[in-house]
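I opened my notebook to look up a few residues.

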Amino acid sequence: MDKEESVSSCHPAWDVLISARATYLASVSPHYDEVFWEVAQRVERAGSLGKTDIAALVVWKRLSAQTRWVTALMSLPDSQVRAVTEQAVASVQNLSLSRGEAARAGRGALSELPGFAKGDALASALLTSAAPTRMAVYDRHVQRAMDSLGLTLTDHSGRYGRYMDLLDILLTQSGGCADGWTARDVDTALYWAGKNPA
């Protein structure tokens, strides 16, 4: 298959995603994700996330720490937080599960922690730090991009697992347009496209 045939066989969303990812890489400091990768390395060594790791990801995601759930989380012993996140880490790293199944299991485990019963932005950051090439971050910018690309992702229960299922479809249907891309690469492209609509 020549390059022209390969491009024509790509899912239509790839035109937007490839351009958005290139612009993201050119626009965002290469140092921005240092906190994320430092947390990911600690998760790899420890097999869990502690309160310090979660706090770092709150800052990385630019979320407010002045909420009731933060007080409730900080009131738990770190050993309890690690016990919950250890289950989540094991789930997203379980290669016998599909990406979507692993995401659902990991997201379900995190729901035991204060602040993680609903909403997927911070939860997805934790899960992605546990499996950086397999999982992807979700937020409102990603949702906006998916909506504009005609990719249906409702906010019903289990959204994060469905998001991973959609990324699997996109990666499978890249038709060679995005060889070597990870789910995290797709999420940064979606983030940029949603944050900077054309």
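I first wrote down my terms for burial: buried means under 20% relative accessible area, exposed means over 50%, and partly exposed lies in between (1.4 Å probe, protein chains only). The model is predicted, so local features need pLDDT of at least 70, side-chain atom pairs count only at pLDDT 80 or more, and totals for chains, interfaces and linings use all residues. Residues are numbered from 1 along each chain as its sequence is written, and side-chain values use heavy atoms, with hydrogens and water left out.

**Entry: Arg 104 and Asp 165**

I looked up Asp 165 and found a relative accessible area of 28%, so Asp 165 is partly exposed. Arg 104 is partly exposed too, because its relative accessibility is 36%. The two form a salt bridge, with the closest N and O atoms 3.2 Å apart. The pair links distant parts of the chain, 61 residues apart: Arg 104 is in helix H7 (residues 99-110) and Asp 165 in helix H10 (residues 159-172). Helices here are DSSP runs (H or I, at least four residues), numbered from the N terminus. A salt bridge needs a side-chain nitrogen of Lys or Arg within 4 Å of a carboxyl oxygen of Asp or Glu. Side chains of opposite charge can pair when their charged atoms come close.

How many salt bridges does the structure hold? I noted 12. Asp 185 forms one with Arg 21, and the closest N and O atoms are 2.9 Å apart. Asp 185 sits in helix H11 (residues 183-195) and Arg 21 in helix H2 (residues 13-27), so this pair ties together parts 164 residues apart in sequence. Both Asp 185 and Arg 21 are buried.

Next I checked Asp 187 and Arg 184. Their side chains meet in a salt bridge (2.6 Å, N to O). Both lie in helix H11, three residues apart, about one turn of the helix. Asp 187 counts as buried because its relative accessibility is 3%. Arg 184 counts as buried because its value is 8%.

I also found a network of salt bridges linking Glu 38, Arg 42, Asp 53, Asp 78 and Arg 82.

**Entry: Val 81**

Is Val 81 buried or exposed? Val 81 has 0% relative accessibility, so I wrote down buried. Val 81 lies in helix H6 (residues 78-92). Leaving out residues up to four places away in sequence, Val 81 touches Leu 49, Gly 50, Lys 51, Ile 54, Leu 73, Leu 76 and Leu 113. Contact means heavy atoms within 4.5 Å. Val 81 and Ser 48 are 33 residues apart in sequence and 8.6 Å apart in space, C-alpha to C-alpha.

Technical notes
Helices (H or I, at least four residues) and strands (E, at least two) are DSSP runs, numbered from the N terminus.
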